[in-house]
Amino acid sequence: MKNSLLIGCGIGSCMLVSCTGNQKKKADMVLPQTPNVIFIVADDLGYGDLGCYGATRVQTPHVDSLAASGIRFTDAHAVAATSTPSRYSLFTGHYSWRRNDTGIAPGDAGMIIRPEQTTIADMFKQAGYMTGAIGKWHLGLGDTTGSQDWNKTVAPGPSEIGFDYSYLMAATGDRVPCVWMENQMVANYDPDAPIFVSYSTPFPGEPLGREHPEMLTKLRPSPNQGHSDAIVNGISRIGYMKGGGKALWQDENIADTIAAKAVQFIRQADKPFFLYVGTNDVHVPRYPHERFRGKSGMGYRGDAILQFDWTVGQIMQALKDKGILEETLVILTSDNGPVLDDGYMDQAVELVGDHKPWGNFRGGKYSIFEAGTRIPFIVSWPTQVKPAVSDALVSHIDLFASMAKLVGETVAPDAATDSQEHLATLLGTDTAGREYVIEAASSLSITDGEWKYISPNNYPSYYEYTQIESGNSTEEQLYHLSEDMGEQHNVASEYTEKVAELKALLEQETAKGYMLE
Ligand code: NG6
Ligand code: CA
């Protein structure tokens with residue numbers, strides 16, 4: 001493994017710098033080829049939820065200082081407006097909508113990324129990195145749905161797709177099993193309380209949220225939004241579960257656990273590492289630690305943002321303490337856009353006031369409008385990245401190929417087939433970005449940064465329970481994003497050529513495979 005890569009004209013490509021004028025000096029810079037790389041992926045954190053993206057009612061000093069020392073992107077996109085397809089694409093560099101089995105996964109889903117598929121973790125491992133995955137997974141574990149024995153090692157799992165170490169929640173905070181999986185075995189396993197999970201049949205004698213509201217001491221589900229099955233830790237969930245005993249997580253400690261495991265991984269790393277940290281914040285059920293509960297004035301959702309910021313602070317402090325901050329590339333982002341009521345009565349709607357989780361965009365989580373996938377995206381690497389705000393069009397889909405370029409790996413022809421290499425844009429030596437970005441919710445959209453086309457479909461235009469405008473319409477939609485970022489004026493009938501152009505680009509892509517559920 002090489003230790004450094006000389007970036008410059010005549011050595012490899014002139015990828016990171018141009019060869020002209022005052023760029024000449026930079027052309028001789030020596031770029032370490034093996035920085036540590038950390039992806040911090042928040043859950044359901046909106047474009048407008050952070051101070052550095054304009055939030056004023058909630059303070060996020062740790063994230064803001066990361067942004068101030070790095071590049072804050074204003075036009076960055078997750079591939080999809082929900083977690084499973086978004087994370088699938090981030091890890092594989094393959095569009096989730098090319099498959100029909102990448103929708104929101106239940107807690108007993110089998111592995112969606114199969115061991116044969118090359119992931120970004122495989123790529124880092126190939127480059128000699130130590131790799132870890134901590135926090136939210138939501139990509140399935142085990143061979144097939146429902147076949148897991150949660151009392152044994154569950155395989156395949158992260159170790160079969162390139163992760164040396166994992167400490168994960170199988171799916172989401174609101175889905176059983178409510179236990180941590182450490183290297184694919186239940187952490188703190190309690191032999192007196194064997195674990196059984198079902199997504200179809202309740203276990204006799206196990207109380208359910210819908211029958212025992214008096215047992216819901218921490219959070220109650222919103223009416224008609226499910227989340228009323230197994231009760232764990234005073235909160236009812238989606239799915240049935242029996243057992244767990246002392247292995248069951250306490251929701252108020254989830255962020256502490258994730259931060260502690262991330263810090264431990266960083267401390268113990270004895271070679272360059274790639275660490276994925278998926279926080280549970282700010283997904284439901286939101287029940288932050290008492291250090292944060294009641295502190296934002298916006299209810300538990302705001303408190304969870306404070307807790308997310310604290311988590312980021314813990315990770316950055318661990319890097320400082322170890323003296324490796326300078327040689328660590330941190331990418332902070334979110335899996336999809338924001339939602340207020342996503343199934344629990346936590347007063348997110350009542351207390352949001354003038355805070356705008358979606359920034360100035362329309363829609364939110366689940367939506368094909370911008371707020372569904374336009375997410376915070378910050379890149380920090382103190383020795384290599386100069387502070388900037390970048391309006392370049394970037395997407396999670398390109399992290400695979402771009403990170404491969406960074407560490408000097410070639411991407412095999414059958415791997416990450418949708419991922420483009422945009423390292424220079426990500427490191428701020430270029431502002432070109434992508435020519436276009438494809439976003440997925442119930443349908444697909446395509447944007448070149450200036451214009452956005454949304455393909456027609458028959459799904460509802462409004463999601464009542466979450467109170468989100470989905471962006472679905474039976475009509476073709478075209479928005480002039482550069483002048484109408486709020487997607488208020490559908491100008492498809494006025495700019496038919498633009499519609500045809502973007503549609504053709506989209507069709508070129510879907511022709512290579514399209515199986516959106
Ligand atoms: C939805 C859940 C929602 C959340 C989401 C997944 C209902 C009514 N709603 O189906 O609460 O869990 O799935 O969110 O069940 S994600 O961010 O992990 O994709
Ligand atoms: Ca999410």
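These notebook entries record what I looked up in a predicted model.

**Conventions.** I number residues from 1 along each chain as its sequence is written, and I letter chains from A and number ligands from 1 in the order in which they are written.

**Entry 1: the calcium ion.** I looked up which residues coordinate the calcium ion (ligand 2). I found Asp43 (OD), Asp44 (OD), Asp335 (OD), Asp335 (OD) and Asn336 (OD1), at 2.2 to 2.7 Å. Donors are N, O and S atoms within 2.8 Å of the metal, or 3.2 Å for Na, K and Ca; water is not among the atoms, so sites may look incomplete. The angles among the six donor atoms run from 51 to 173 degrees, and I record the site as irregular. Six donors would count as octahedral if opposite donors were over 155 degrees apart and all others between 65 and 115. In sequence, I read the spacing of the donor residues of this ion as D-D-x290-D-N. Asp44 lies in the loop between β3 (36–42) and α2 (61–69) and Asn336 in the loop between β14 (328–334) and α7 (348–351), so the pair ties together parts that are 292 residues apart in sequence. Helices (H or I, at least four residues) and strands (E, at least two) are DSSP runs, numbered from the N terminus. I note Asp44 as buried at 1% relative accessibility and Asn336 as buried at 0%. Buried means under 20% relative accessible area (1.4 Å probe, protein chains only).

**Entry 2: ligand 1.** I counted 20 residues around ligand 1, the closest being Lys136, Asp174, Arg175, Asp342 and Lys365; a residue is included if one of its heavy atoms lies within 4 Å. By class, the shell holds four nonpolar, eight polar and eight charged residues. Nonpolar covers Ala, Val, Leu, Ile, Met, Phe, Trp, Tyr, Cys and Pro; charged covers Asp, Glu, Lys and Arg; the others, Gly among them, are polar. An oxygen atom of ligand 1 is 2.6 Å from a side-chain N or O atom of Asp174. For Lys365, the corresponding side-chain distance to an oxygen atom of the ligand is 2.7 Å. From Ser83, a backbone N or O atom lies 2.8 Å from an oxygen atom of ligand 1. The protein covers 83% of the 450 Å² of accessible area that ligand 1 has on its own (Shrake-Rupley method, 1.4 Å probe).

**Entry 3: Tyr165.** I placed Tyr165 in strand β6 (residues 165–169). Tyr165 is buried, at 16% relative accessible area.

Definitions and conventions
Predicted model: local features only at pLDDT ≥ 70, side-chain atom pairs only at ≥ 80, totals over all residues. Heavy atoms only, no water. Tetrahedral: all angles 85-135°; square planar, octahedral: opposite > 155°, others 65-115°. Buried < 20%, exposed > 50% of the residue type's maximum accessible area, 1.4 Å probe, protein only. Polar contact = N/O pair within 3.5 Å; in protein donor to acceptor, adjacent residues only side chain to side chain.
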